[in-house]
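I am keeping short notes on what I looked up in this structure.

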Amino acid sequence: MLDPKLLRNSPDIVNRALKKRGFETDLSIWQKLENSRKGLQADTEKMQASLNKISKEIGKLKNTQKDSSKKEKEASALTKDIKENSSNLDSILQELNKFSLGIPNIPDLDVPEGNTEKDNKEIRSWGKIPEFSFEIRDHLEIGQLIGGIDMEAGSRVTGSRFSVLKSDLAGLHRALIQFMLETHICQHGYQEVYVPYIVNKDSLLGTGQLPKFEEDLFKLQGDQNYYLSSTAEIPVTNLLRDQIVDSKELPLKWVSHTPCFRSEAGSYGKDTRGLMRVHQFEKVELFQAVEGNSSEEALEEITSHAEAIMQSLEIPYRVVSLCSGDLGFSAAKTYDIEAWIPSQSKYREISSCSNFRDFQSRRMQARWKNVDQKKNELLHTLNGSGLAVGRTLLAILELNQLEDGSVKLPKVLKNYFHKDAISVD
C-alpha cells in the first residue's frame, strides 16, 4: 500500500510512476474521499468538544440542583450526530482502504521502462551454454526414459498440470531441497522457518495477492476464508504482521521450503508440457526484513544467494532487471534469474528476487523500533526464490543429458544424492 501522504501531496508524481507500469487510475476519486474524511473528522472532533463542554455544564447544574434538561437534550442531539458522523466516517475509511489496496507499488527510479518481458534489461550472465553432438531431448522425454516423470499419473490422480515424480527423480528432487536449505542456512546465514501451507485472507491482503488476483488462487470451501498458499512469501512475510521488531534483531533473514499452489489463470496453452508450469510445485524461499536504508543492498544480497545455488549446480544463467510493465503488483524492483533451457534454446525464469520497500509492511503494519528517533518505522520486506525446485530439476536434466538419455549429475549433489548419474531404465 502506498503512503497516504504521497497520494495526498503528490498525486501527479504517483500518476506518472504508475503510468510507467501501464496502470491507469483516477486519483481524484481518492482525493474526494480523503477530503470527505477530513471534513467529517473535523466536524466530529468539534461536536465531541462541544459534547464534552456540555457534559461538564450538566454536571455543574446537577451539583447545584439546577434544571439541566435543556442541556441534556443538546447533549443527546450531539451524541446522535456524532454516531451518525462516525458511521459515515467508517464507510469512507473502508472506501479509501479498498481504493488504496488496488493501487500497485511505485517502481524504483532505476527500473527500466517498458511494457513486456522483451523490455527487461540483462544485468549479467554466468556459465557457458553447452553444445551437444547429438539430438537433445527435453526434460519430459528424459524423465520418461529414466522412469522418473509421470504426467499421466498426475492427471489421473488430480488433473492436468499435475505430475508424479518416481524413483531417482523423486530422490533428486528431495536432495535439491536439502542442498538449497543447507547452503542458505550454513553459508548465507538464514534461519529456517516451517510455515502453514494454508493462509487466510488477511495474509493475502498483506502481501498483495488480494484483492486483485483472487483468480490465481485456490480457495478452500467453508467460511474461514482459507486459501492454498501460492508462494512461501505469503506465510513467511506475514509472520511480521502487526509486529514491532527490535532494531537489534535486524536484518531478519528467513528461509523456508514449501509447496506452492497456483491456478495459472490466463496461462492456458503456455508451457503445458512437463514441469515448466504446473499447479503444484515447490520452492525454497528467501526472505529478509530490514531498515529502509538497507533494502537496496539486501536485494543485491538475496539475488547473489540465489545465484550461488545456480553456480554450485553449474547451471548457465542470466540476471535481468524487470521493466516497469513486467513488475509484480507489490514490487518496487525485481531481478529475475533465468536458467538456460537447451530444449527451448532460451533462458527461462528460475528465481525472482524483489524489493517491496514498505509497500507490504504498510498493509501488514510490520514495524521496527527506531530507538534513536524514538518512534516505530515500517520495515522494508524482500524475498526471492532460492530456488524453484521443479525448474531447477528440469534444467539439470536437460543441461546434463547424455546421448542415451541418462543424466550426469552436478558434483555438489554427491553428498545429498549419493549417485553420480541417473541411468536409463
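**Entry 1: terms and ground rules.** I count a residue as buried when its relative accessible area is under 20%, as exposed when the area is over 50%, and as partly exposed in between, using a 1.4 Å probe and protein chains only. Helices (H or I, at least four residues) and strands (E, at least two) are DSSP runs, numbered from the N terminus. The model is predicted, so I note that local features need pLDDT of at least 70 and side-chain atom pairs count only at pLDDT 80 or more, while totals for chains, interfaces and linings use all residues. Residues are numbered from 1 along each chain as its sequence is written, and side-chain values use heavy atoms, with hydrogens and water left out.

**Entry 2: the whole chain.** I looked up the overall figures for the protein chain. Of its 425 residues, 48% count as buried. Its secondary structure comes to 13 helices and 18 strands. Along the principal axes, the C-alpha atoms fill a box of roughly 105 × 45 × 40 Å. I then looked at contacts, where contact means heavy atoms within 4.5 Å. Among contacts between residues at least 6 apart in sequence, 72% join residues at least 24 apart.

**Entry 3: the sheet of eight strands.** Two strands pair if DSSP finds at least two bridges between them. In what order do the eight strands of the open sheet lie? I read the order as β1-β11-β12-β13-β16-β10-β9-β4, with mixed pairing. The edge strands are β1 (121–126) and β4 (191–192), and each pairs on one side only.

β4 and β9 pair in the parallel sense over two bridges, and glutamine 191 stands opposite tryptophan 254 in β9. β9 and β10 run antiparallel and are joined by 10 bridges. Cysteine 260 has phenylalanine 281 in β10 as its bridge partner. β10 (residues 280–290) also pairs with β16 (residues 380–388), in the antiparallel sense over seven bridges. There, glutamate 285 has serine 385 of β16 as its bridge partner.

Entry 4: For angles, axes are lines fitted to C-alpha atoms, for helices over the stretch in contact, and angles run from 0 to 180 degrees between N-to-C directions. Helix α7 (residues 167–186) packs on the sheet and touches β4, β9 (252–261), β10 and β16. The direction of α7 makes about 5 degrees with that of β10. Helix α12 (residues 389–399) lies across β10, β12 (333–341), β13 (346–357) and β16, and runs at about 35 degrees to β16.

**Entry 5: the sheet of three strands.** I found another open sheet, with the order β8-β14-β15 and mixed pairing. β8 (244–246) and β15 stand at its edges with a single partner strand each, so one side of each has no neighbour in the sheet. On average, neighbouring strands of this sheet are turned by 40 degrees against each other, direction ignored.

β14 (residues 367–370) and β15 (residues 375–378) pair in the antiparallel sense over four bridges. Tryptophan 368 stands opposite glutamate 377 in β15, and lysine 369 has asparagine 376 as its bridge partner. The hairpin of β14 and β15 has four residues between the strands, and lysine 374 takes a positive phi near 55 degrees there.

**Entry 6: a pocket.** On a 1 Å grid over the protein atoms alone, a pocket is an open set of points where a 1.4 Å probe fits, with protein on both sides within 12 Å along at least five of seven lines; lining residues have an atom within 4 Å of a point. The second largest pocket is lined by 18 residues, of which Glu314, Asn400, Lys408, Leu409 and Pro410 lie nearest its centre.

Entry 7: Is leucine 7 buried or exposed? Leucine 7 is buried, with a relative accessible area of 3%. Arginine 8 counts as partly exposed, at 29% relative accessibility.

Leaving aside neighbours within four places in sequence, leucine 7 is in contact with Leu2, Val14, Leu27, Trp30, Gln31, Ser100 and Ile103. Arginine 8, counted likewise, touches Trp30, Gln31, Glu34 and Arg37. The C-alpha atoms of arginine 8 and glutamine 31 are 6.8 Å apart in space, and the two residues are 23 apart in sequence.
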